Amino acid sequence: MKVVVTIQHPGHVHFFKHAIAELEGRGHEVFVFARENEVTADLLERYDIDYEMLAGTYDSLPTLVAVQATYEARLLARVLRIRPDVITAIGGPAATHAAKVVGARSVVFYDTEHATIIKKLAYPFADAIYTPECYRDEIGPKQVRYPGYHELAYLHPDRYEPDPGVLAENGIDPDRKLAIVRFSGWDSSHDMGQGGFDDPSEVVARLEDAGARVLITSEVDLPPDLEPYRLTTDPAGMHDLLYYADVFVGEGATTAAEAALLGTPAVYVNTLTMGYIDDIEERGLLFGYDGPDRHEQGLKRAIEILEDDDPERWARSRDRAIEGMIDVTDVIVAALEGAGMERGRRAEPADAVDART
């Protein structure tokens, strides 16, 4: 079987990396095509995934349209040559359109309800749309729900083991509190007009005053006074830093979910929320703030977490929260192979076992 995997964000690399390896191990031909975005290329190379970069970055809605058009045209040219059996993506309008042209099956994974452009441009052309159970929208007979989150494709206990060496590599004192901070860009089509913190410099100052070492990961340029806090580590080590951190504070939903699912309490400050964010919050691993006082309320909660006298309780909460959840890589492999995952129903844990046979 020939499989085309499309990548448009660093998180997509993590989502598909184990599935790519398993599919290749089963004898399938896998072709990976990407669009540059932050550290996407670095991660693909770090995980030794062969790929072709089809388009570059963008910094506004008009350039996004131009870059996406270039990406879609080049992807179509490649799949016309390859003639794949299945094309997959997270969201992925380009993938579903190309699949229709060449007669391939298209499998879409998605978890973001407010991305209306994706829904309009991708969902009508997809053959199957896989969503977490907590996804709020009802899509129809194409939808398959599974008990889990995207992040459990690479952070499920069966897939992930932390590397304590990341602390020494980054000069981190294990006896000092550690806060990872994430500032987001707001130029994605579904993020425009939204917001997070009022003052990034105050975020860092308040966390330091609470005794934490602060490290920043950011999609945007930082003020000069914050540049010394920017993480320069291998991007593949980011999850290890999140695992060993005492708190995550940020505007990025994916990173907030990753931290929570690693047992690190996450403070999510953003006017946008999603079904999976709400679901993780209900499980006591994440604290979301989206109102006009989100900056102050988020910082207040982060400081309370840093002052917690029982930090181990977060790991216990994480173990309870993911009990019974599926290894999402197994869902991906089964979906692409077309094994035991009919459309319009719930993906059961037994399906994941079938995917490994």
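Strand S2, residues 29-35, runs parallel to S3, and 3 bridges join them. Strands here are DSSP E runs of at least two residues, helices are H or I runs of at least four, and both are numbered from the N terminus; two strands pair if DSSP finds at least two bridges between them.

Quick caveat: this is a predicted model, so local features need pLDDT of at least 70 and side-chain atom pairs count only at pLDDT 80 or more, while totals for chains, interfaces and linings use all residues. Residues are numbered from 1 along each chain as its sequence is written, and side-chain values use heavy atoms, with hydrogens and water left out.

Zooming out, the sheet is open, with 7 strands in the order S3-S2-S1-S4-S5-S6-S7 and parallel pairing. At the edges sit S3 (52-55) and S7 (143-146), each pairing on one side only.

Now the helices on it. H1, residues 10-25, packs on the sheet and touches S1, S2, S4 and S5, contact being heavy atoms within 4.5 Å. The direction of H1 makes about 165° with that of S1; axes are lines fitted to C-alpha atoms, for helices over the stretch in contact, and angles run from 0 to 180 degrees between N-to-C directions. H4 (93-102) lies across S1, S4 and S5, at about 165° to S4.

Last one: H9, residues 253-261. Of its 9 residues, 8 are buried, so H9 is largely enclosed by the rest of the structure; buried means under 20% relative accessible area, with a 1.4 Å probe and protein chains only. Glu-258 is among the buried ones. Just after H9, Gly-263 has a positive phi of about 90°.

Key:
Buried means under 20% relative accessible area, exposed over 50%, partly exposed in between (1.4 Å probe, protein chains only).
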